[in-house]
Amino acid sequence: MNDAKPAQPLLPFTRPTIDEETIAEVVAVLRSGWLATGPKVAQLEAELSRYLGGRPVRSQTSATAGLEMALLACGIGPGDEVITPALSFVATANVIMRVGARPIFVDVGLDSRNIDFDQVEAALTPRTRAIMPVHFAGLPVDMERLYAIAQRRGLRVIEDAAHAIGSAWRGKRIGSFGDLVCFSFHPNKNITTIEGGAISGGSPEELKAIELHRWHGQVKFGTDGFDTLLPGGKCNLSDVAAAVGLGQLRHLEAFNARRRELVARYFELWGGDDAPLRLPERGDEGHSWHVFTPLLPLPRLRISRGEFMEAMKARGIGVGVHYPAIHLFSCYRALGYREGQFPNAERIGRETVTLPLFPAMQLADVERVVQAATDILHGARK
Ligand SMILES: *Cc1c(COP(=O)(O)O)cnc(C)c1O
């Protein structure tokens, strides 16, 4: 007799939740005859703006495009330096290179994963033009310290808020204040437009520049007049995508509350000193928990991170990696960055694992993940 239990379905580390009403709205847009940028995009921008305290919002096809346009709108280019953390998704640094500026990496806190402001101060030079921090996993950086440094040195801040829609710092939503705040609506993020992003904030001149970079650098006037003011790109959101986003935005608060509830269960089960892995900084109610990323105690294990991930997968649990340290990628080593410069980012890059966390998960799923990881890690102790 085979008494093996039926295999449980794979629990991915993330999965978007799209309701039937949203699907119906997408179908209605498809039938409407207007698919590209139109009334749904205008409505999404207006609703995001309302959510963010009335600040101007400009959507685009990705946060990567948004971050790049924000840099261009600030006039940042060759000869300029932008300070940014060595630990993030690589897009954060790539966009700095793409506008011809130089990314100046600094280390992050081991548990917060957020940029270390003491090191930001030390990295300032006469060429520094901007700071691009990341609210890692949705844990806001110290906004008081960030903007104090920026104001003292006359720098622009471009916040990579890809993880932080719905996050709040001392009760104020990320994106409801600050210079230029860039959100992502990739399907892995807290809300999605399939692919998409939005910039909140910006001066009137920066907003004008963002609109031009977003759409061919072109302006229209009169009935049939056109002018092209700069060689703009093409990254306007579609109404189909915006319809998805509008359906998501209705659930944002509930999604994030659910994420906090699931994380609370992880902390409950692993809160003691005997936890088999190192949990990230807890934060407060303003943490939107885009990802849950503990560190494996690799020096005390007989297995590699890859082997841990394989063992979890064999138990039907998906595990991700957010993220390898950016400065160790070939593209950045070519600028002279090397091993040993940013010990926390490097250690996180080696040891981090992303465990399942998404709004449709059940508390029992958290228990299953904790049980599996604990078993694997205890069995692998040196
Ligand atoms: C996802 C992500 C981005 C890029 O977002 P896209 O919308 O996929 O372009 C940028 N920065 C961070 C930190 C991210 O996690």
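How many aromatic pairs does a search of the whole structure find? The search finds eleven. Two of them are described below, after a look at the whole chain. The model is a predicted one.

**The chain as a whole**

The protein chain holds 13 helices and eleven strands. Its radius of gyration is 22 Å, close to the 21 Å that the globule rule gives for 382 residues, so the chain is as compact as a globular protein of that length. Along the principal axes, the C-alpha atoms fill a box of roughly 80 × 55 × 35 Å.

Of the 382 residues, 56% are buried.

The accessible surface comes to about 16,600 Å². Carbon and sulfur atoms account for 53% of that surface. Charged side chains number 43 positive and 43 negative. The centres of the two sets lie 3 Å apart.

Which residues form one aromatic cluster? They are Y266, F267, W270, W289 and F292. Two pairs involve Y266, and both are stacked.

| Pair | Centre to centre | Angle between planes |
|---|---|---|
| Y266 and W270 | 6.0 Å | 20° |
| Y266 and F292 | 4.3 Å | 20° |

Start with Y266 and W270. Both lie in helix α9, which spans residues 252-270. They are four residues apart, about one turn of the helix. An α-helix has 3.6 residues a turn, so residues three or four places apart point the same way.

The pair of Y266 and F292 links distant parts of the chain. Y266 sits in helix α9, while F292 sits in the loop between α9 and α10 (305-314). The two are 26 residues apart.

F292 is buried, with a relative accessible area of 0%.

Helix α8 runs from residue 239 to 249. How many of its residues are buried? Eleven of its eleven residues are. Among them are D239, Q248 and L249. The buried residues also include V240, V244 and L246. What covers them includes α1 (20-32), α2 (39-51) and α9. Helix α9 is also where Y266 and W270 lie.

Helix α4 covers residues 91-98. Its buried residues include A91, T92, A93, V95 and I96. Just after α4 comes G100, with a positive phi of about 90°.

**A glycine in a loop**

Where does G178 lie? It is in the loop between β7 (172-173) and β8 (180-184). Leave aside its neighbours within four places in sequence, and G178 is in contact with R55, Y147 and E159. G178 and E159 are 19 residues apart in sequence. In space, their C-alpha atoms are 8.2 Å apart.

Notes
Residues are numbered from 1 along each chain as its sequence is written. This is a predicted model: local features need pLDDT of at least 70, side-chain atom pairs count only at pLDDT 80 or more; totals for chains, interfaces and linings use all residues. Side-chain values use heavy atoms; hydrogens and water are left out. The radius of gyration is taken over C-alpha atoms; the globule rule is 2.2 Å times the number of residues to the power 0.38. Buried means under 20% relative accessible area, exposed over 50%, partly exposed in between (1.4 Å probe, protein chains only). Accessible areas come from the Shrake-Rupley method with a 1.4 Å probe; for residues, only the protein chains shown count as cover. Lys and Arg count as positive and Asp and Glu as negative; His and the chain ends are not counted. The place of a charge is taken as NZ of Lys, CZ of Arg, CG of Asp or CD of Glu. Rings of Phe, Tyr and Trp (its six-membered ring) pair if their centres lie within 6.5 Å; planes under 30 degrees apart count as stacked, over 60 as edge-to-face and the rest as tilted. Contact means heavy atoms within 4.5 Å.
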